[in-house]
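Subject: Handover of a structure and notes on its contents

Dear colleague,

Please find the structure below, followed by notes on what was found in it.

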Amino acid sequence: MKHVFIIGARGYHSNYGGWETFVSNLVDYYDDKDTVFHISMITDDKNLKEYKVNDKIIVNPIYVKIKGSSKMFLYTINSFKYYIKYVKENNINNPYFYILGLKLFNYLKVKRKETKKLGINIIVNPDGLEWQRSKWSYPIKKFFLMSEKLMLNNCDKIVCDSLGIEEYVLDKYPKLKGKTTYIAYGYEEINLEDINEQEILKKYNLKKDNYLLIVGRCVPENNYELIIKDFIKSKIDKQLVIISNLSSTKYSDNLKELAKNEKRIVFIDGVYDKIELACIRKNAFLYIHGHSVGGTNPSLIESLSLTSLNILYDVCFNRYAGEDTCLYFKEEGSLTKLLNDENKLKKYKKELGPKAKKKVKENFTWKIIVDKYKEIFK
């Protein structure tokens, strides 16, 4: 029996972000009866105990008392420590620790001798360029940059979810050649044939092809401010629908203030029902993806599989995913220019939509992704 311990996501089927979507789909689609996944889950309830989802999925609640930005760092370290103890106590042979993100700093190096002695295979997924995220202060950015170096140099394998990330790693750390592998996120095909799409659209006051869509976390590196400003300057006679976690933060409040006089802009505070979100994606006139930091974003892959036209922020991570099936914007005014030519957009919808869907089916199905992970966890 193989044991894979996943560290760094908030849990299994947790409504939050990319890591949580990835973990849930990976283990759900992983069709190997001889592999057991142990998934750490952050919790404020210190009495919550380990539980089995089924014979191949075990969830381990990790209690973290503190609040604030350091909570996830402590959670990752505590998960790592917990699983080392777990491996010892249960005499598990040759387990895999799959660490998502770069929050362990030098702790991986400190424990390197012990993990080797226990036969633990350490795999790190660095995600995107975490140290470039604008939400972090200068000291935290420096922390991530150093953590990147320490973690990538003290693991057995590096999984890059974008070819752009793999290029970055090999360019910056040439000695790691042979240690990296590229495995993208997968997408979950959702069948809407028996779904009343009009009822779902009505629930959110939307009309087919009458809105542009953004889905993602409300953070500066997703370029919401640039998109809103360029949309306001455009003449397109459609809504801009922004689906995001709109908890009261300074950034989200600033965005609402920026859009307060624009009746075409609509904010929706999170849609976590897969069918409803798929329906909203499918019926959008186009999708705008402003993410500038990260690898192959799950939200982008989902959109390529459902939305007939996708306009992406022009960085290598998005280019590798969309290639010639999408349109691109970057400098201020470039999105406005695209949106102002509605006839050309309609033409692109007919040309690029089928190409994007074909690309997703040939490269990003969960069967393809799972088969690649089976090569890692062998």
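How many salt bridges does the structure hold? The structure holds 26 salt bridges, a salt bridge being a side-chain nitrogen of Lys or Arg within 4 Å of a carboxyl oxygen of Asp or Glu. Please note that this is a predicted model, in which local features need pLDDT of at least 70 and side-chain atom pairs count only at pLDDT 80 or more, while totals for chains, interfaces and linings use all residues. Residues are numbered from 1 along each chain as its sequence is written, and side-chain values use heavy atoms, with hydrogens and water left out.

**Salt bridges**

Two of the pairs may be described together. Glu225 and Lys229 join their side chains in a salt bridge, at 3.2 Å from N to O. These two residues stand 4 residues apart in helix H8 (residues 224-233), a separation of about one helical turn. Helices are DSSP runs of H or I with at least four residues, strands are runs of E with at least two, and both are numbered from the N terminus. Glu225 has 37% relative accessibility and counts as partly exposed; Lys229, with a relative accessible area of 32%, is partly exposed. For these words the limits are as follows: buried means under 20% relative accessible area, exposed means over 50%, and partly exposed lies in between, with a 1.4 Å probe and protein chains only.

Helix H8 also holds Asp230 and Lys233, which are 3 residues apart, about one helical turn. In their salt bridge the closest N and O atoms are 3.6 Å apart. Asp230 is buried, at 0% relative accessibility, whereas Lys233 is partly exposed, at 44%.

Which parts does the salt bridge between Glu302 and Arg281 tie together? The side chains of this pair meet at 3.2 Å, N to O. Glu302 belongs to helix H11 and Arg281 to helix H10 (residues 274-282), so the bridge ties together parts that are 21 residues apart in sequence. Glu302 is partly exposed, at 24% relative accessibility, while Arg281 is buried, at 1%.

**Aromatic rings**

A search of the whole structure gives 28 aromatic pairs. Rings of Phe, Tyr and Trp (its six-membered ring) pair if their centres lie within 6.5 Å; planes under 30 degrees apart count as stacked, over 60 as edge-to-face and the rest as tilted. Why is the pair of Trp19 and Phe22 edge-to-face? The planes of the two rings stand at 65°, with the centres 6.4 Å apart, so the pair falls in that class. Both residues lie in helix H1, 3 residues apart, which is about one turn of the helix, and both are buried. Trp19 and Phe22 also belong to one aromatic cluster, whose members include Tyr185 and Trp366.

Two charged side chains sit over rings, a term that requires NZ of Lys or CZ of Arg within 6 Å of the ring centre and within 35 degrees of the ring normal. The charged end of Lys238 is placed over the ring of Phe285, 4.5 Å from its centre.

**Cavities and pockets**

Rolling a probe the size of a water molecule over the atoms shows where empty space is left. On a 1 Å grid over the protein atoms alone, a cavity is a set of points where a 1.4 Å probe fits but cannot get out; a pocket is an open set with protein on both sides within 12 Å along at least five of seven lines; and lining residues have an atom within 4 Å of a point. Grid points are joined across faces, edges and corners, and a volume is the space filled by probe spheres set on the points.

There are 3 cavities of 30 Å³ or more, and the largest cavity has a volume of about 50 Å³. Its lining includes Phe22, Tyr185, Glu302 and Trp366. Helix H1 (18-29) supplies the largest share of this lining, 3 residues.

The second largest pocket holds about 260 Å³ of space. Its lining has 14 residues, with Glu189, Ile190, Asn191, Ser305 and Leu306 nearest the centre. Helix H14 provides the largest share, 3 residues.
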